[in-house]
Amino acid sequence: MALRSQTTRPTIHVLGLGSIGTFTAHGLKDIPNPPTVTLLLHRESLYHEYIRNNRRMTLNTISGDTVHHSDYNLEIYKQGAWQTPTDSPADDQIDHLVVTVKATQTVSALRALRYRLGRASTILFLQNGCGMIDEVNEHLFPDPETRPNYLTGVISHGVTLASPFNAIHTGASAISLGLVPRENSQSSSNITTITEAGDPEYMLHNIPRSPRLSARSYSFADVFQIQLEKLAVNAFCNPVCALHDAKNGILFDFPELRRAILTEISNIVCRLPELSGVDGVEKRFGVDRLEETVNGILEKTRETTCSMVVDLRNRRETEIRFINGYWVRRGREVGVSTAINEELMDKVLRRSAALRLE
């Protein structure tokens, strides 16, 4: 493996160029004195799309402007290996990697990069769902001493992809970031500002400098709670809408189901060892408070079609294992019944299997 010179400008690789990956890669260029940004193109046709797009990435902003960024480095996966556009091997160490692929694709997408990632690398998981890091550790980095550093990210911006490398920013919000503690280490509540290549906190310090991304770094306990709040909303919204092939507005027809699933989730969160001793958890994840959060989001997104509905329509694997499945697994760990989450997950899995067989 070729090592990167410590005197070069830091490089952030972006894996996954759907709506979130495109938006993030575009926003990284807005950082003052930006890092080098390398786009990882998982199929050769994407390279030709990039050329047709005048070798640039486009964002249609909320204000109606069209903003372009270019000067991206590219790596293309072909013939079973990562290569540069000139067909040279791309085998240098990856210092900073942003992963935005669907949760179901995380392990397979990272497998071809595994030999370029080590203890000095940092991976930011900027995805929907929870539990992807556990699967990555199990299948790719089982040794805690040699695995990369991990950041968890929660994105609440509204973004759609008009076409490859052309994103539309439909709703301005925020990105929340946090450093995942390494095994046998304690989470720090203070974010430092070290910016050397390979340092686990480089992205924590620099991604918030992008005005477009509107990111903020938190302690792990805080970002974990933000992630769980989003997961609680998705655990109700996604499977119910998917099973009824409907927009979010249909969710107001199921108040008893909403209360039941949020009760399960509340009981789980209040027993999670990661949040033991953290002030305010029981109040923040009380059932009434969670219902207020869900209802507030539903009022704003009545006409939204969630991603799980789209996945079923297109006969794609859903992220149900990383949404309701996460609550089922954590419930079993802490001794809380998860009958509602289990039932919804089972129904979605059976519906998905049936549709894919047709």
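**Figure 1. Leu 124 stands opposite Leu 151 of strand S9 in this predicted model.** The two strands concerned are S8, residues 122-126, and S9, residues 149-155. They run parallel and are joined by 5 bridges. Helix H1, residues 19-28, packs on the sheet and touches both S8 and S9. H1 also touches strand S1 (11-15), strand S2 (36-41) and strand S7 (96-99). The direction of H1 makes about 165 degrees with that of S1.

**Figure 2. Nine strands form an open sheet with mixed pairing.** From one side to the other, the order of the 9 strands is S6-S5-S2-S1-S7-S8-S9-S12-S13. At the edges are strand S6 (81-83) and strand S13 (215-218), each of which pairs on one side only. On average, neighbouring strands of this sheet are turned by 25 degrees against each other, direction ignored.

**Figure 3. Helix H6 covers residues 220-244 and has a kink.** The helix has 25 residues, and the distance from its first C-alpha to its last is 36 Å. This is close to the 36 Å expected at 1.5 Å a residue. The kink is about 30 degrees and is centred on Asn 234. How many of the 25 residues of H6 are buried? The number is 22, so H6 is largely enclosed by the rest of the structure. A residue counts as buried here if its relative accessible area is under 20%. Just after H6, Asp 245 takes a positive phi of about 50 degrees.

**Figure 4. Residues 223-348 carry a domain annotation in UniProt.** The unreviewed UniProt entry gives this feature as "domain: Ketopantoate reductase C-terminal". Over residues 223-348, the chain is 66% helix and 0% strand. The end C-alpha atoms of this stretch are 28 Å apart.

**Figure 5. Arg 55 has a positive phi in a loop.** Most residues other than glycine have a negative phi. The phi of Arg 55, however, is near 55 degrees. The loop that holds Arg 55 lies between helix H2 (44-52) and strand S3 (57-60). Is Arg 55 buried or partly exposed? With a relative accessible area of 46%, Arg 55 is partly exposed.

**Figure 6. Phe 165 is a buried loop residue with a positive phi.** Its phi is about 70 degrees, although Phe 165 is not a glycine. The loop runs between strand S10 (158-163) and strand S11 (166-171). Phe 165 counts as buried because its relative accessibility is 2%, and the cut-off for buried is under 20%.

Methods
Residues numbered from 1 in each chain as written. Predicted model: local features only at pLDDT ≥ 70, side-chain atom pairs only at ≥ 80, totals over all residues. Heavy atoms only, no water. Helix = DSSP H or I, 4+ residues; strand = E, 2+ residues; numbered from the N terminus. Expected span 1.5 Å × (residues − 1). Bend = angle between axes of the 7 residues up to and from the residue. Buried < 20%, exposed > 50% of the residue type's maximum accessible area, 1.4 Å probe, protein only. UniProt positions renumbered as here; feature names shortened; annotations may be inferred. Pairing = 2+ DSSP bridges. Axes fitted to C-alpha atoms, helices over the stretch in contact; angles between N-to-C directions. Contact = heavy atoms within 4.5 Å.
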